[in-house]
Amino acid sequence: SGLYRVIRHPAYTGSILSLLGIALALRNIVSVCIAFICSIVCYQIRIEIEEAALQAWFKEEYSAYKRKTYRLFPYIY
């Protein structure tokens, strides 16, 4: 329910958006790019580990959930 109906990792999505907001406040495109790339790479590693554990525990139920939700950003990823 809630955000989890649409995206599987809303806390990570919020964190990425917060980091991008801080980088935008610095008014430096390099900081925006660094914040975005670093956060996507780091969270991607963490998400893969978490989703492997959830897949092992919940099996087909988690597979069905993955098919109907986005990983981080609705309609994008």
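Trainee: At what angle do helix α2 and helix α3 pack?
Mentor: About 130 degrees, with their axes 6 Å apart; α2 covers residues 29-58 and α3 covers residues 60-68. That makes α2 oblique to α3. Axes here are lines fitted to C-alpha atoms, for helices over the stretch in contact, and angles run from 0 to 180 degrees between N-to-C directions. Under 35 degrees is roughly parallel, over 145 roughly antiparallel, 65 to 115 roughly perpendicular, and the rest oblique.

Trainee: Which residues of α2 and α3 meet there?
Mentor: Glu51, Leu54, Gln55 and Phe58 in α2 meet Glu60, Glu61, Tyr62, Ser63 and Lys66 in α3, where contact means heavy atoms within 4.5 Å.

Trainee: Before I go on, what sort of model is this?
Mentor: It's a predicted model: local features need pLDDT of at least 70, side-chain atom pairs count only at pLDDT 80 or more, and totals for chains, interfaces and linings use all residues. Residues are numbered from 1 along each chain as its sequence is written, and side-chain values use heavy atoms, with hydrogens and water left out.

Trainee: OK, the overall picture. How many helices and strands does the protein have?
Mentor: 3 helices and 0 strands. Those are DSSP runs numbered from the N terminus: helices are H or I with at least four residues, strands E with at least two. The C-alpha trace spans about 45 × 25 × 15 Å along its principal axes.

Trainee: Back to α2. Which of its residues are buried?
Mentor: Ser31, Val32, Ala35, Ser39, Tyr43, Gln44, Ile47 and Glu51. Buried is under 20% relative accessible area, exposed is over 50%, and partly exposed is in between, using a 1.4 Å probe and protein chains only. Their cover includes α1 and α3.

Trainee: And what happens at the start of α2?
Mentor: A side-chain oxygen of Asn28 comes within 2.9 Å of the backbone nitrogen of Val30. After α2 comes Lys59, with a positive phi near 50 degrees.

Trainee: Switching to Thr13: buried or exposed?
Mentor: Buried, at 7% relative accessible area. Thr13 sits in helix α1, residues 10-25.

Trainee: What does Thr13 touch?
Mentor: Leaving out residues up to four places away in sequence, Thr13 touches Ile7, Leu72 and Phe73. A polar atom of the Thr13 side chain lies 2.5 Å from the backbone oxygen of Leu72.

Notes:
Polar contact = N/O pair within 3.5 Å; in protein donor to acceptor, adjacent residues only side chain to side chain.
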